[in-house]
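Please keep the structure in view while reading.

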Amino acid sequence: MFDPAPTPPYPYTGTPEPHPLLAPVLGLIGSWRGRGQGQYPTLDGDFAYAQEVTFSHDGRPFLHYEARAWLIDTEDAPVRPAARESGWWRVQPEGRVEALITQPTGIAEVLVGQVVDGAVELATHAVAGTPTAKRVDATGRRYTLADDGTLTFSHDMAAVGQPLQHHLSARLRRAEVLRP
């Protein structure tokens, strides 16, 4: 006999009031879309990509983070899927941030950082990989809310024997606001 699960006690009825610890990152909440450029010494050349990033919350002191990217050609037409990642940003007192980000390529990053003047700066605390994942030693990320309402993103990486260096940058515009 099938015993169905009970109805969830916390139904989704829209975005609840944000936790007070989220105050320094409230401007990030929503979906963002835009274009970027990438490069890395182990790749065949520079590349253009489009990206969508979404930050959401459920009233507790953390953000759910999701990002996906796809390569684009010179006409902005999609070429193929690229990076995808998901995780959680745990916001602490005094604007400290602890981020957990996983990627389908077998990489899990733990980053720590700070929110200062509309920018979130994150650096590697630990990186773990599955047995078949490419080696990643360190990353650094910066998310900045600009005065013109855009979100800029930059990503540095030390991987596959290369030192920490610039890998990605993008400029995103708000696509949707997720607020009560």
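## Overall build

The protein has 10 strands and zero helices, and its elements, read from the N terminus on, run β-β-β-β-β-β-β-β-β-β. The model is predicted, so side-chain atom pairs are counted only where pLDDT is 80 or more.

Of the 180 residues in the protein, 36% are buried. The accessible surface comes to about 10600 Å², and carbon and sulfur atoms account for 55% of that area. Among the contacts in the protein with a separation of 6 or more, 41% are made by residues 24 or more positions apart.

## Aromatic pairs

A search of the whole structure finds nine aromatic pairs. One of them is formed by Phe55 and Tyr143, whose rings are edge-to-face, with 6.2 Å from centre to centre and 85° between the planes. Phe55 belongs to strand 2 (residues 47-56) and Tyr143 to strand 8 (residues 136-145), so this pair ties together parts that are 88 residues apart in sequence. Phe55 has a relative accessible area of 0% and is therefore buried, and Tyr143 is buried as well, with a value of 1%.

Tyr143 also takes part in a pair with Tyr65: the ring centres are 6.2 Å apart and the planes stand at 80°, so this pair too is edge-to-face. Here again distant parts of the chain are linked, since Tyr65 lies in strand 3 (residues 62-72) and Tyr143 in strand 8, 78 residues apart. Tyr65 counts as buried because its relative accessibility is 0%, and the cut-off for buried is under 20%.

## The largest pocket

The largest pocket has a volume of about 940 Å³. It is lined by 32 residues, and those closest to its centre are Ala82, Ala83, Thr105, Met157 and His167. Several strands each supply at least two residues of this lining, namely strand 2, strand 3, strand 4 (78-91), strand 6 (107-116), strand 8, strand 9 (151-159) and strand 10 (165-176). Which strand gives the most to the lining of the largest pocket? Strand 4 does, with five residues. When the lining residues are divided by type, 17 are nonpolar, seven are polar and eight are charged.

Is Gln51 buried or exposed? With a relative accessibility of 7%, Gln51 counts as buried. If its neighbours within four places in sequence are left aside, Gln51 is in contact with Trp32, Arg33, Gly34, Ala67, Arg68, Ala69, Trp70, Phe153, Ala170 and Leu172.

Ser56 and Pro18 are 38 residues apart in sequence, while their C-alpha atoms are 9.7 Å apart in space.

Glu94, although not a glycine, has a positive phi of about 60°, and its place is in the loop between strand 4 and strand 5 (96-103). Asp117, likewise a residue other than glycine, has a positive phi near 50°, and Asp117 is found in the loop between strand 6 and strand 7 (119-129). Glu94 is exposed, with a relative accessible area of 67%, and Asp117 is exposed with 78%.

The table below gathers the relative accessible areas of residues discussed in this report.

| Residue | Relative accessible area | Class |
|---|---|---|
| Phe55 | 0% | buried |
| Tyr65 | 0% | buried |
| Tyr143 | 1% | buried |
| Gln51 | 7% | buried |
| Glu94 | 67% | exposed |
| Asp117 | 78% | exposed |

Note on methods: Residues numbered from 1 in each chain as written. Predicted model: local features only at pLDDT ≥ 70, side-chain atom pairs only at ≥ 80, totals over all residues. Heavy atoms only, no water. Phe/Tyr/Trp six-rings, centres within 6.5 Å; stacked < 30°, edge-to-face > 60°. Helix = DSSP H or I, 4+ residues; strand = E, 2+ residues; numbered from the N terminus. Buried < 20%, exposed > 50% of the residue type's maximum accessible area, 1.4 Å probe, protein only. Contact = heavy atoms within 4.5 Å. Areas by Shrake-Rupley, 256 points an atom, 1.4 Å probe, with all protein chains shown as cover. 1 Å grid on protein atoms, 1.4 Å probe; cavity = no way out; pocket = protein on both sides within 12 Å on 5 of 7 lines; lining within 4 Å. Points joined across faces, edges and corners; volume = space filled by probe spheres on them. Nonpolar A, V, L, I, M, F, W, Y, C, P; charged D, E, K, R; others polar.
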